Amino acid sequence: MKKIRTIIFLWLSLTGLASAETVLVTLEKDNALAMVDPIAGKLINTVNVGQRPRGIAISPDHKTLYIATSDDNTIQIVDANTLKVLGRLPSGDDPETFAINPAGDRLYVSNEDDSQVTVIDIAHQKIIKKIKVGVEPEGIAVSPDNHWVVSASETTNMVHWIDTKTNEIKENTLVDSRPRALAFTDDSAQLWVTSEMAGTLSVIDSKNQQILKTISFEVPGITAEKIQPVGVLIDKQKQYAYVALGPANRVAVVNAQTYLVEKVLLVGSRVWNLAFSPDEKRLYTTNGVSNDISIIDLETQTVTKSVAVGNYPWGVVVKP
Amino acid sequence: MHLINLSIQRIVFFSIMILLCGNGLVQAKTTQTVTIAYLTQEQLAPPVLSNLDPFIKDVGIGGAELAISDNNTTGQFTGQQFTLKKFIVPVEGSVSDSFNKNIAGKFNFLIVNLPADKLLEIADLPATANMLLFDVATSEDALRNQQCRRQVLHLLPSFSMRADALAQYMMKKRWTKWFLIVGTKPQDQLFAEAIKRSAKRFNMKIVAEKNWEHTYDARRSAQADVAVFTQVDDYDVLVVADVSGEFGEYLDYRTWLPRPVIGTQGLIASAWHPTHEQWGAVQIQNRFREQTGRWMQEQDYGAYLATRAIGEAATRSHSNDLIPVKNYLLGKQFALQGYKGTPLSFREWDGQLRQPVLLAAPRSLVAIAPIEGFLHPKTELDTLGYDQPETACHWNTP
């Protein structure tokens, strides 16, 4: 009887663990990965990874993590459960940001110093192609329908539309100064691009690659130059988009239908990257200067907690 | 029936044409050339105090060339081709003659890497009225005030912007009692005037001021000499005004009292510095070093920004003509990425590029001005230098 009780207890606790999501944050200055339980609002563990970890992505089956360790010039393949390094992908020099396709078999890496995008075959761990893009490519995203890979060049001020079938640039859209991050809507119909120096966000129509709308932001008491939009995400219903405003220390809530900025939420210092919880009820932000993450409850659109994670939190993914 | 078919064909044809024209690919095939002239004069190598700073003969050009290549990467997608035409006047030559012969009437955009007097000489030639000049070398405040010219934009921070940057940091440190040492050259006097203006502005006290007047070889006597020279009443920080670097390097560690040195040596205020890595700066430092094999200097940074500004405005206005490019450069939308964490733009009252100023020690970046807490109703960048209400620039064309 006691044995059965123990088994039931164990089973319950295991399923309990499995259903609670884990927030994984790369710590650029600590060469480490922080694991946070967002429900408890607690840092659970910090594990060492390679030198200067920045970009992070999780495979569509949530089994594998990919972490760009910039100073090692590689992207590590990490088991999402055990956090053991399984291998390394050839990423080109100084990998920072990258994107994974919906099938989980291709990785697209921005190589900032070489002005190119590297296409990697994950299964064979080899480079398929290097695509010349503008100067200092940074943000990169794959459309959910797998039609496009879009790369933003910070100095060229463009987003380059790469056809995933041919791995060639099909189209370019000129956007405002220093495009930084980009995200597709779930239906792949729109691409949202932030321009850090101009302080704006462009909504681009995927059909014709033309700008539909340019959104700017205002925060009372903060000068325009401090408003530097970086990370952006749009919810699956296309109701709201969330935009990290960098040194303005705010996340803007944009109505994705009317394009009106409805709210700005105070988070930590130099808010950078964003991630949704799997049910999209919460939003997590990495705050580079205050060394923490903020947890935003999306039902009430309020910041509920901040959790100290380590030095220079950079990228964030959520493991269900 | 036949007629109707024909008109449908026409409609289809024109619709396709309209679609194609709105499309970037078609636009990219028609190439527009944007030519930028670059005027400089050879310099004689000055006497140096440190062998660590080699004399760079072609300073400035590296920055312009890097920006041309950056512009052309954008240009290959937008159908614009950028070229740089360099005019290097020999030491004994006349910059006006070179301008009149090679540049007048042939270019819309001119990057000028010349000292203040020669910049003014060029700016006052009649042919510049239909040009835009980008000054990438001077810091003189007069050029941004009484001597300002409508067709000249200044890329590097003025002496007053640098002095204000230092003063803000000193105020934060509460190092409020300054001992000012001024060199003998005219530029040293100008830097000292800017320091005095900042002292007044930020309520600092200049408790002592001395002129450095030695003409003999200071290397032999600096040890004994500086100690004696710096025996004044107590002060917090020694401010040196030695723009050309004739003696300033000898002050640190040799003063009578143990005090930090700031100004033109020690902790310096600069538009650019090798220690600067934030906000993507490491990328441009790497690209510049790869291209030239040396560190980027201020004039290189100025020339880079000038060329990128032209590129940005030409791309946005789809033009290589003076008026559309100038309007974009001076318009509200203009936001230049300068690797200093904030968009850069031109002050409409004096043509000065508003920008953060780096406060750097030889091997570490100490702070970036405007310092946190110095506020301004429009932009904190305008806490540095002459703000609109203070300007003496009224665009008087002689």
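## Chain B overall

In chain B, 68% of the contacts between residues at least 6 apart in sequence join residues at least 24 apart. The model is predicted. Chain B contains 11 helices and 14 strands, and 46% of its 398 residues count as buried.

## Nonpolar cores

The largest nonpolar core is made up of 107 residues. Leu110(B), Ile111(B), Val112(B), Phe134(B) and Leu359(B) have the most contacts inside this core. Helix 10 of chain B, residues 298-317, provides the largest share of the core, with nine residues. The core lies between domain 1 (32-157 + 274-355) and domain 2 (160-270) of chain B, because both domains give residues to it.

Around Phe134(B), leaving out residues up to four places away in sequence, the contacts are Leu110(B), Ile111(B), Val112(B), Leu153(B), Leu155(B) and Ala306(B). Another core, of 81 residues, lies apart from the largest one. Its members include Phe98(A), Ile204(A), Val271(A) and Tyr312(A).

## Contact between chains A and B

Chain B contributes 18 residues to the contact and chain A contributes 21 residues. On the side of chain B that touches chain A, at least two residues each come from helix 2 (24-29), helix 3 (61-78) and helix 9 (281-292) of chain B. Helix 3 of chain B gives the most to this side, namely five residues. By class, the side of chain B that touches chain A has five nonpolar, 11 polar and two charged residues.

## Helices 4 and 5 of chain B

Helix 4 (residues 95-103) and helix 5 (residues 116-123) of chain B cross at roughly 35°, and their axes come within 9 Å. The crossing of helix 4 of chain B past helix 5 of chain B is right-handed.

From helix 4 of chain B, the contact is made by Val95(B), Ser96(B) and Phe99(B); from helix 5 of chain B, by Lys118(B), Glu121(B) and Ile122(B). The residues in this contact of helix 4 with helix 5 of chain B comprise three nonpolar, one polar and two charged.

## Ile295(A)

Ile295(A) is placed in strand 26 of chain A, which covers residues 292-297. Ile295(A) has 21 other C-beta atoms within 10 Å and therefore counts as buried, the threshold being 20 or more.

Apart from neighbours within four places in sequence, Ile295(A) contacts Pro38(A), Gly41(A), Arg282(A), Tyr284(A), Thr304(A) and Lys305(A). Tyr108(A) is 187 residues from Ile295(A) in sequence, and the two C-alpha atoms are 29 Å apart in space.

## Ser143(A)

Ser143(A) sits in the loop between strand 12 (137-142) and strand 13 (148-153) of chain A. Ser143(A) is buried because 22 other C-beta atoms lie within 10 Å.

Not counting residues up to four places away in sequence, the contacts of Ser143(A) are Trp148(A), Phe184(A), Ser188(A) and Ser206(A). Ser143(A) and Ala244(A) are 101 residues apart along the chain, and their C-alpha atoms are separated by 21 Å.

How values were computed: Residues numbered from 1 in each chain as written. Chains lettered and ligands numbered in written order. Predicted model: local features only at pLDDT ≥ 70, side-chain atom pairs only at ≥ 80, totals over all residues. Contact = placed C-beta atoms within 7 Å. Helix = DSSP H or I, 4+ residues; strand = E, 2+ residues; numbered from the N terminus. Nonpolar A, V, L, I, M, F, W, Y, C, P; charged D, E, K, R; others polar. Core = buried A, V, L, I, M, F, W, Y, C linked by C-beta atoms within 7 Å. Buried ≥ 20, exposed ≤ 12 C-beta atoms within 10 Å, placed from the backbone. Domains from an automatic or database assignment. Axes fitted to C-alpha atoms, helices over the stretch in contact; angles between N-to-C directions. Left-handed = near helix turned anticlockwise from the far one by under 90°.
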